[in-house]
Amino acid sequence: MNDYEKKVNTLLLDIYDKILVTEEKALSKGTFSDLSVAEMHTLEGIGLYEARTMSETAATLGITTGTLTVAIDRLVRKGYVARRRDSEDRRVVRISLTKKGKLAYRMHNKFHTLLVDRLIHPLDEKQRQVLLDTLMAISDFVGEQYHRYNTADQQEE
Amino acid sequence: MADNQTMAKIQKKVISTIAELSGKDKEELTPDTSLMHDLNLDSLALFEIVIELESYYHLRISDEEIEALRTIKEIVDFIDEQLRHKKLPGSKEA
């Protein structure tokens, strides 16, 4: 690795670590300290409005319905998620956020909004576009790697 | 334009929701009451109010729309407009 590559590598790992830790700390110090970051992301996967099926939500989150069921059990017990059978097809289970779940969702969303606002505030229009293009390129690249390893894992199973 | 009766019902519901969730007296609240400056509502309280009103009127209110709502009158006008847009006859009170 040359110096430039080392810097890119260090910055990428640093950003990844610090965003995770900041999110965790913000959650643990806030009103919803009984939620983990993973649980908060499950609430995001369910969404604010429509009652969604388990399989739809699992697909959104990129996890199995078995893993989601365990997470939802915990979130129902904590009062963030409501679970009910579909009125037209009793085999289908629908999940939605309770008022407490919606409140946690909105507060967490505000945290992300503030984070992004502060990040882009000092940038002019041109710099914002460069940032967006760079992040999109990073996201595409990381997405491809994720897809490649995920597919390989599924083929091994 | 909505009739005065509908607006009055919406205003009654908005005021009772804000009073209940902020711990303020209904009598203290007027259409011109500012959510931030007069009531010092923080984000948590504001979101609680929004979630209750969304659920009651079957509305969706985005974060950007919430930021633009500064007084009780603005909330009432917003709900009235949304209800007319959706062609819903009103609220559970109606």
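These questions and answers look at how terms are applied to a predicted model. In this predicted model, local features need pLDDT of at least 70 and side-chain atom pairs count only at pLDDT 80 or more, while totals for chains, interfaces and linings use all residues. Residues are numbered from 1 along each chain as its sequence is written, chains are lettered from A in the order in which they are written, and side-chain values use heavy atoms, with hydrogens and water left out.

Q: What makes up chain A, in helices and strands?
A: Chain A has six helices and three strands. Helices here are DSSP runs of H or I with at least four residues, strands are runs of E with at least two, and both are numbered from the N terminus. Read from that end, the order in chain A is α-α-β-α-α-β-β-α-α.

Q: Why is chain A called more spread out than a compact globule?
A: The globule rule is 2.2 Å times the number of residues to the power 0.38, and the radius of gyration is taken over C-alpha atoms. For 157 residues the rule gives 15 Å, but chain A has 19 Å, well over that value, so the chain is more spread out than a compact globule. Its C-alpha atoms fill a box of roughly 60 × 40 × 25 Å along the principal axes.

Q: Why is Ser87(A) called exposed?
A: A residue is exposed over 50% relative accessible area, buried under 20%, and partly exposed in between (1.4 Å probe, protein chains only). Ser87(A) has 64% relative accessibility, so it counts as exposed. Ser87(A) sits in the loop between β2 (81-85) and β3 (93-97) of chain A.

Q: What makes the pair Lys18(A) and Asp14(A) a salt bridge?
A: A salt bridge needs a side-chain nitrogen of Lys or Arg within 4 Å of a carboxyl oxygen of Asp or Glu. The closest N and O atoms of Lys18(A) and Asp14(A) are 3.2 Å apart, and the pair forms a salt bridge. The two residues are four apart in helix α1 (residues 3-29) of chain A, so about one helical turn separates them. Asp14(A), at 32% relative accessibility, counts as partly exposed.

Q: How do you know that Arg94(A) and Asp86(A) meet in a salt bridge?
A: Their N to O distance is 2.5 Å, which is within the limit for a salt bridge. Asp86(A) is buried because its relative accessible area is 11%, while Arg94(A), at 22%, counts as partly exposed.

Q: Why is Arg52(A) called buried?
A: Arg52(A) has 18% relative accessibility, so it counts as buried. The side chain of Arg52(A) meets Glu56(A) in a salt bridge (3.9 Å, N to O). Glu56(A) counts as partly exposed because its relative accessibility is 36%.

Q: Why is Lys102(A) not given a salt bridge?
A: The nearest side chain of opposite charge, Glu54(B), is 5.3 Å away, and the rule asks for a nitrogen and an oxygen within 4 Å, so no salt bridge is counted. Lys counts as positive and Glu as negative. Leaving aside residues up to four places away in sequence, Lys102(A) touches Leu48(A), Leu97(A) and Ile51(B), where contact means heavy atoms within 4.5 Å.

Q: How many salt bridges does the rule give over all chains?
A: The count comes to 14 salt bridges over all chains. One network of salt bridges links Glu39(A), Arg74(A) and Lys78(A).
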